[in-house]
Amino acid sequence: MSRRPPLQRLLLLLPAVALLSGCPSFSTMGTARTLPKGESQLFIAPGGMVLTDFQRDDTGAYQSYAFPSVEFGGRYGVTDRVEIGGKLWFLGAEIDGKFALARSPDPERGLDLAVAPALSVYPFTSGDQSATYLWVHLPLLIGVNTGGGQLVIGPRISDMLIAGAGDTINAVWAGGSLGYAWRLGDGFRLLPEVSVAWPVHVTVGSTADLTLEPRGALVQANLGFLFGGE
């Protein structure tokens, strides 16, 4: 039996890796402080996610999943109080904005407060089932400046629409994120962050053929490397 070259074997593995990484994203990967006008920031954030009681099997029992993830993103300061941005991960994409409600005159101390609406879309595949997910996120970002960084607290509400197999599911999630943006130098921050969300209201289409029906918590953890900004 002939052996495939290493590069060919690697290319055959890529679709499977992409499918395993096509999970949702609840990460913030930023501070509550909007970027100054004209400044930009890029980030990369490896991590992982756990979806508990997310899908029913043939017996009706709920199954849980764990996924690796890597996110890439960026943002730009339109004004001192408004920024736009987005992020990408395998089989997923998001556009977002940030609007300052309160912006401390001194980035070393005080409190920053902002809303950061976001819209994301991606497909999800499990076995012989596939679906398209649409998310609308509305987090409130509370940033406590500590001199060497910022503690970021992000309560949020999210709405999820799943369409697939002729059915639709709508789920409202409540949760939040907690992270610390540690400034290690000019234009570089390290941001560990944990996000948790629970489905508080789930509506399933009338035929209910789609087994992707969330009932448990979603937990995500990432370590962000942020380049640029203040």
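What percentage of the 230 residues of the chain count as buried? I found 43%, with buried meaning under 20% relative accessible area, exposed over 50% and partly exposed in between (1.4 Å probe, protein chains only).

A note on what I am looking at: this is a predicted model, where local features need pLDDT of at least 70, side-chain atom pairs count only at pLDDT 80 or more, and totals for chains, interfaces and linings use all residues. Residues are numbered from 1 along each chain as its sequence is written, and side-chain values use heavy atoms, leaving out hydrogens and water.

**Layout.** I looked up the elements next and got one helix and 11 strands, taken as DSSP runs numbered from the N terminus (helices H or I, at least four residues; strands E, at least two).

**Cores.** I then turned to the nonpolar cores, sets of buried Ala, Val, Leu, Ile, Met, Phe, Trp, Tyr and Cys residues joined through side-chain atoms within 4.5 Å. The largest has 19 residues, and Tyr133, Trp135, Met160 and Trp173 have the most contacts inside it. Strands giving two or more residues to this core include S1 (40–56), S2 (62–79) and S8 (149–164). A second, separate core of six residues includes Met29, Ala181, Leu191 and Leu226.

**Met160.** I listed its contacts (heavy atoms within 4.5 Å). Leaving aside residues up to four places away in sequence, Met160 touches Tyr133, Leu134, Trp135, Ile169, Asn170, Ala171, Trp173 and Pro214.

**Val121.** My last stop was Val121, which sits in strand S6 and is partly exposed, at a relative accessible area of 42%.
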